[in-house]
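Thank you for having me; I would like to take you slowly through one chain, starting with the whole and ending with two of its residues. Please have a look at the picture before I go on.

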Amino acid sequence: MTTDQVAEAINRSGLHIRKDNLPVTSKQVYAVICRFPEIFTKEANRIMLMI
């Protein structure tokens, strides 16, 4: 998925609610992905969860 698609899925399913009640942005998703390289990988503009 792209970061836009991940953010959309998070917002649609209510997996995360921000303190200010605004929707999660793709930039926030990207920041989390960069912070946890042992969990996520990036290839060809796609984000993958490493299980």
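What you see is a predicted model, and the mean pLDDT of the chain is 94, with 100% of its residues at 70 or more. Confidence is lowest in strand E1, residues 40-43, where the mean is 91, and highest in H1, where it is 96.

The chain has two helices and two strands, and from the N terminus on they follow the order α-α-β-β. Its radius of gyration is 11 Å, close to the 10 Å that the globule rule gives for 51 residues, so the chain is as compact as a globular protein of that length. Of those 51 residues, 20% count as buried.

Thr3 is found in helix H1, residues 3-13, and it counts as buried because its relative accessibility is 19%, where the cut-off is under 20%. Setting aside residues up to four places away in sequence, Thr3 touches Ser26, Val29, Tyr30, Ile33 and Ile47.

Arg18, by contrast, lies in the loop between H1 and helix H2, residues 26-35; at 18% relative accessibility, Arg18 also counts as buried.

Key. Residues are numbered from 1 along each chain as its sequence is written. This is a predicted model: local features need pLDDT of at least 70, side-chain atom pairs count only at pLDDT 80 or more; totals for chains, interfaces and linings use all residues. Side-chain values use heavy atoms; hydrogens and water are left out. Helices (H or I, at least four residues) and strands (E, at least two) are DSSP runs, numbered from the N terminus. Buried means under 20% relative accessible area, exposed over 50%, partly exposed in between (1.4 Å probe, protein chains only). Contact means heavy atoms within 4.5 Å. pLDDT is the predictor's confidence in each residue, from 0 to 100. The radius of gyration is taken over C-alpha atoms; the globule rule is 2.2 Å times the number of residues to the power 0.38.
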